[in-house]
Amino acid sequence: DVLSSKGKRAPYPPGPKPLPLIGNALDFPSEKFAQNYADWAKKYDSPIVHAESLGNHVVVLNKLEDAIELLEVRAKLYSDRPTLPIFPLMGWDFNVALMPYGDMWRQHRRICQQNFNPQAVRKYESLQTEKVQRFLRSLLETPQDFETHNKIFSVSLTTCMMYGYDIKSVDDRVIEVAEEGNVIGGRLVVPGGSLINIFPFLKHIPAWFPGASSHKAAVECKKLTEEMMRIPTDFVKKSLAEGTAVPSLVTDFYERKYAVGASEEEEELIKNVAYTVYGAASDTTISASNTFICQMVLNPDVQRKAQEEIDRVVGSKRLPTFEDRKSLPYLEAIYREVLRFKPPIPISVAHAVTEDDHYKGYLIPKGTVVYPNIWAMSHDEEVYTEPFAFNPDRFFDENGKLNDDDRILAYGFGRRICVGKSVASTSLWLQMATTLACFTMSKAKDANGKEIEVDTNYEESGLLIRKEPFACSFTVRSPAARKLVLDPN
Ligand code: HEM
């Protein structure tokens, strides 16, 4: 059915009209991707929109049902990733999240699944508990630095899970290189970010050539990526040699390798997974937990209701634990609402199509880059009334029970769905539960005692959104809460 009855090929989905030669090169948004593509859906009166430049087709799905049909029901065709010619130059070809659909990806994904499935992640519970307790203690000591504490919580949790490497300060070189690498990399890979993506031959131009600035940035990015992999791996080897190693993905691997041997291939797999997870796990979780804090300040009634629930179910003599999760439905609704309200990767990570496909009368050609617009779906007025209000009550049915809308769209779709979602869910939940149990979050006051308005803006960093810095005051809720923070066990 490639050709319609008149012998013409089926049309592409609607979208801006292409110009001769350059197609839609000038139409692609360079910022606010999610909002812009949602606007296209309105403008062209179609939830599926399309644009094209120099043979590169992009399709954006703004409705959940289309994302499910294409990315999940037709997963066999829609599970590839667009590989940009720039990735190897950046050292990003080892990133599991960006690998093409195939055996190499499958081998890496299997290791992720073995470690991060809902049962397996229980092995991280004591580590998550330890890190959350440190987070609470830092909040008590220097509440004004809550953003730093929040960052250290997520990053150190990840580097401990992967390398047994504890990060205590944001000045740690591993944080620095990852951040620089991500900023440079993020700029290069956004649509329209680098000419190298459009003109692959540019990658043969040496970095020192005048004007080869994105090439230079890629080389810099590669150096940083290699450093980011090397520092914690060296740490693991050293700590094993010194007998100070603690269990982690990479430590366990090298222990096994030294004891019974392992192939070089296996070593690469483990190193690539650890490095990918470091990039995938921290900033996403930080984005979500900052949304949580910000919304608690802006919605004191929601906060109070959650605290009442925790007080009722958990009491004040101990901190909430994972066993309490099923007994705290309102907190569960807050977790859902945080990720609905501000999905950390609003248009997700692009999928790519491996064969020509037809859908709803449109042609989606082989190689098309497909973005599910998570933000548009989670703000779909037909599904969520008043989508721009932060309201956990939307997740309860008329009998006051949690409804079955428990699919967190923020984790993406199909075979490439976030493989770390159980880690993310448990880390975020424990952080939210214990913070609410011990602290009240409210607007900070300036030197004159006047409330400081909360900055609700986000900054786009590649495909990720990060909360802009904002002021917030953390007040310990009671002497009992203070005691729990200081002596949680
Ligand atoms: C709130 C936190 C997080 C959010 C919102 C998030 C979101 C996402 C999204 C949207 C994708 C792309 C899904 C798709 O292509 O359809 C993804 C992929 C991925 N995530 Fe997460 N993520 C989070 C935390 C984590 C954590 C904690 C880990 C690891 C422990 C992780 C590991 C990965 C990996 C490895 C991939 C690539 C999967 C693949 O391409 O096969 N993520 N994540």
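**Close-up views of a predicted model**

View 1. What kinds of residues make up the lining of the second largest pocket? The lining divides into 10 nonpolar, 7 polar and 8 charged residues. Rolling a probe the size of a water molecule over the atoms is how such empty space is found. Two helices, α4 (103-116) and α15, each bring at least two residues to the lining. Which helix gives the most to the lining of this pocket? That is α15, with 4 residues.

**View 2. Helix α15 from end to end.** Helix α15 covers residues 421-438, which makes 18 residues. From its first C-alpha to its last, α15 reaches 26 Å, close to the 26 Å expected at 1.5 Å a residue. Is α15 mostly covered or mostly uncovered? The helix is mostly covered, with 17 of its 18 residues buried.

**View 3. Cys418 and the iron atom.** Look for the loop between α14 (374-378) and α15, where you will find cysteine 418. Its SG atom is 2.3 Å from the iron atom of the ligand. How many donors does the protein give to this iron atom? There is a single one, Cys418.

View 4. Strand β7 is made of residues 439-442, and its side chains alternate. Strand β10 (residues 473-476) pairs with β7 in the antiparallel sense, over 4 bridges. For one of these partners, find phenylalanine 439 and then look to valine 476 in β10, its bridge partner.

**View 5. An open sheet of four strands.** Here the strands follow the order β1-β2-β6-β3 in an open sheet of 4 strands with mixed pairing. Which strands form the edges? They are β1 (48-53) and β3 (351-352), each of which pairs on one side only. Strand β1 runs antiparallel to β2 (residues 56-61), and 6 bridges join the two.

**View 6. Two residues with positive phi.** Aspartate 45 sits in the loop between α1 (33-43) and β1. The phi of aspartate 45 is near 50°, a positive value in a residue other than glycine. Is aspartate 45 buried or exposed? Aspartate 45 counts as exposed because its relative accessible area is 71%, and the cut-off for exposed is over 50%. Glutamate 386 has its place in the loop between α14 and α15. Its phi is near 45°, again a positive value in a residue other than glycine. Glutamate 386 has a relative accessibility of 62%, so it counts as exposed.

**View 7. Lysine 305 in helix α12.** Lysine 305 belongs to helix α12, which holds residues 300-314. Why does lysine 305 count as partly exposed? The reason is its relative accessibility of 38%, since partly exposed lies between under 20% for buried and over 50% for exposed. Now find serine 30: lysine 305 and serine 30 are 275 residues apart in sequence, and their C-alpha atoms are 40 Å apart in space.

Technical notes: Residues are numbered from 1 along each chain as its sequence is written. This is a predicted model: local features need pLDDT of at least 70, side-chain atom pairs count only at pLDDT 80 or more; totals for chains, interfaces and linings use all residues. Side-chain values use heavy atoms; hydrogens and water are left out. The expected span of a helix is 1.5 Å times one less than its number of residues. Buried means under 20% relative accessible area, exposed over 50%, partly exposed in between (1.4 Å probe, protein chains only). Donors are N, O and S atoms within 2.8 Å of the metal (3.2 Å for Na, K and Ca); water is not among the atoms, so sites may look incomplete. Ala, Val, Leu, Ile, Met, Phe, Trp, Tyr, Cys and Pro count as nonpolar, Asp, Glu, Lys and Arg as charged, and the others, Gly among them, as polar. Two strands pair if DSSP finds at least two bridges between them.
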